[in-house]
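User: Walk me through this model, please. I'll jump around a bit.

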Amino acid sequence: MSLAPPLPEPLLFDYATGASSPAIGLLMAAHLSMSRESRALLATMEAVGGALLEDLDDEPLERISAADVLAIADKDEDDVSKMAELVLERSGPRASVPPTFVQDALPEPLRAAESELGGDRRWRWLGFGVAATKLAVSSEHERAHLLWAKGGTDIITHRHVGREVVLVLKGAFWDDGVRYGPGDVAVSEDGTIHNPHIDGDDDCVCLAVTEAPVHFTGLVGLALNRFCRF
Amino acid sequence: MDRTAPPARNHEHDVALMEAIVKHGSREAFAALFDQFAPKLKAYYRKGGLELSLAEDLAQEAMLSVWRHAAKYKASIGSPSTWIFTIARNLLIDHVRRQKARQGDLKDPSLQPPEVEIADDLVDAQQRYRSLKTALKNLPKEQAKVIRMAFFDHKAHSEIAAEVGLPLGTVKSRIRLAMQRLKGDLGDLE
């Protein structure tokens with residue numbers, strides 16, 4: 001048995017400079033996700049790119065300004081959050097969450113307020129093993145969702161805009177070294193950046209109340225942000 | 001104290017600006033970062049062969065990404081210029097891909113380069129930056145030339161070889177030697 005030879009550096013270098021073909025670029029992206037060594041080498045190459053960028057002579061700007069960029073960002077945030085709601089409610093990918101499992105997880109007050117849960121409890125995948133269903137108690141300023149995730153799920157790093165309060169109904173998750181089990185309440189203040197992990201093999205059901213949409217900051221943050229507000 | 005190293009004022013300054021954006025949503029900090037980088041991004045795209053207005057459009061899009069995704073930046077991993085470079089490069093890749101194939105899901109996240117995650121060593125980040133700048137400055141001319149061509153003309157090894165009229169092997173070895181030198185001076189990022 002022998003070890004595979006190291007990755008040919010030109011492949012990585014072309015990727016760092018942006019010269020890879022789309023297919024090789026995809027292959028490299030997959031490779032990089034599996035090789036810590038290559039990621040470190042890529043980081044070195046990208047640092048070279050950054051340093052070279054700093055040394056470029058300025059090209060005077062004619063049409064764009066920082067104020068414009070900020071104005072676009074302000075406008076788009078409104079648009080994106082409107083669009084996200086539409087997608088979440090109407091056309092997000094359907095998730096088949098075991099209904100009895102969730103039903104069993106609901107404590108009495110939630111069952112008693114069954115009407116509050118909304119007649120049509122459709123579950124939508126948010127991605128990364130988390131499914132959500134929006135509850136009828138949601139208002140303009142505050143949203144309530146039931147969240148369901150499989151045991152062992154690593155939830156992508158996200159930043160909270162507005163406070164989020166989460167009640168664990170079933171199962172458990174870890175957040176910043178703390179384990180939250182059934183009945184525990186986790187509060188994430190505005191601006192919190194975290195990366196919770198579902199404990200063990202058991203699925204986890206939570207009730208989450210958020211003041212405002214959540215921003216995902218991880219790998220596919222932008223894509224997720226488009227349909228994944230809770 | 002290493003007196004041969006260029007000042008790291010830019011680095012510290014940029015890191016402070018990024019922190020102000022992430023922690024306080026500072027528009028002033030963003031404006032300062034914009035003034036510093038947008039003209040360089042435009043130059044980057046111009047060198048990449050894009051026409052003037054397109055180069056500005058992409059520079060604007062890149063800075064918009066910087067503002068929106070500021071929380072993704074980690075000072076322990078590298079300088080803001082590195083991070084901004086990767087954003088600019090990815091936008092250029094997307095742009096080229098969109099031009100080449102107008103079908104398929106261009107936003108497919110699997111096509112995006114993965115995040116680079118390296119053990120945190122905040123203290124070393126600034127030292128690495130200084131070393132890199134010094135190493136770049138001291139790079140032999142013929143090595144510096146191919147490195148710049150690669151990063152700014154977005155040419156693969158074989159294209160560079162064709163353009164400068166050198167055998168492919170020579171280009172490969174120049175880039176390899178340059179990277180070895182830069183890596184050596186940078187130290188092990190892990």
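User: Where in chain A does A:Asp176 lie?

Analyst: A:Asp176 is in the loop between strand 6 (173-175) and strand 7 (178-180) of chain A. Helices (H or I, at least four residues) and strands (E, at least two) are DSSP runs, numbered from the N terminus. Bear in mind that this is a predicted model, where local features need pLDDT of at least 70 and side-chain atom pairs count only at pLDDT 80 or more, while totals for chains, interfaces and linings use all residues. Residues are numbered from 1 along each chain as its sequence is written, and chains are lettered from A and ligands numbered from 1 in the order in which they are written.

User: What is the phi of A:Asp176?

Analyst: Positive, at about 50 degrees, although A:Asp176 is not a glycine.

User: Is A:Asp176 buried or exposed?

Analyst: A:Asp176 counts as exposed because it has 10 C-beta neighbours inside 10 Å. The cut-offs, with C-beta atoms placed from the backbone: buried is 20 or more other C-beta atoms within 10 Å, exposed is 12 or fewer, and partly exposed is in between.

User: Helix packing next. At what angle do helix 1 and helix 3 of chain A cross?

Analyst: Roughly 45 degrees, with the axes of helix 1 (residues 9-17) and helix 3 (residues 36-55) of chain A coming within 9 Å. That makes helix 1 of chain A oblique to helix 3 of chain A. Axes are lines fitted to C-alpha atoms, for helices over the stretch in contact, and angles run from 0 to 180 degrees between N-to-C directions. Under 35 is roughly parallel, over 145 roughly antiparallel, 65 to 115 roughly perpendicular, and the rest oblique.

User: Which residues make that contact?

Analyst: From helix 1 of chain A, A:Leu12, A:Phe13, A:Tyr15, A:Ala16 and A:Thr17; from helix 3 of chain A, A:Ser38, A:Leu41, A:Leu42, A:Met45, A:Glu46 and A:Gly49. By class the contact has seven nonpolar, three polar and one charged residues. Nonpolar means Ala, Val, Leu, Ile, Met, Phe, Trp, Tyr, Cys and Pro, charged means Asp, Glu, Lys and Arg, and the others, Gly among them, are polar.

User: Which residues of helix 1 of chain A are buried?

Analyst: A:Leu12, A:Phe13, A:Asp14, A:Tyr15, A:Ala16 and A:Thr17 are buried there. Helix 1 of chain A is followed by A:Gly18, with a positive phi near 90 degrees.

User: How do helix 2 and helix 3 of chain B cross?

Analyst: The axes of helix 2 (residues 27-47) and helix 3 (residues 52-68) of chain B come within 8 Å and cross at roughly 140 degrees. The two helices of chain B are therefore oblique to each other. Their contact includes B:Phe30, B:Phe34 and B:Leu41 of helix 2 of chain B, and B:Ala59, B:Ala62 and B:Trp67 of helix 3 of chain B. Its class count is 14 nonpolar, no polar and three charged residues.

User: Which residues have the most contacts inside the largest nonpolar core?

Analyst: B:Ala59 and B:Ala62, in a core of 65 residues. A nonpolar core is a set of buried Ala, Val, Leu, Ile, Met, Phe, Trp, Tyr and Cys residues joined through C-beta atoms within 7 Å. Beyond residues up to four places away in sequence, B:Ala62 touches B:Leu41, B:Ile87, B:Ala88 and B:Leu91. A second, separate core has 22 residues, among them A:Ala144, A:Trp148, A:Phe173 and A:Cys204.

User: Last topic. Where is B:Ala135?

Analyst: In helix 5 (residues 122-137) of chain B. B:Ala135 counts as partly exposed because it has 18 C-beta neighbours inside 10 Å. Its C-alpha atom is 5.8 Å from that of B:Leu182, 47 residues apart along the chain.

User: And what is B:Leu168 in contact with?

Analyst: Leaving aside neighbours within four places in sequence, B:His157, B:Ser158 and B:Ala161. B:Leu168 is in helix 8 (residues 168-186) of chain B.

Key. Two residues are in contact if their C-beta atoms, placed from the backbone, lie within 7 Å.
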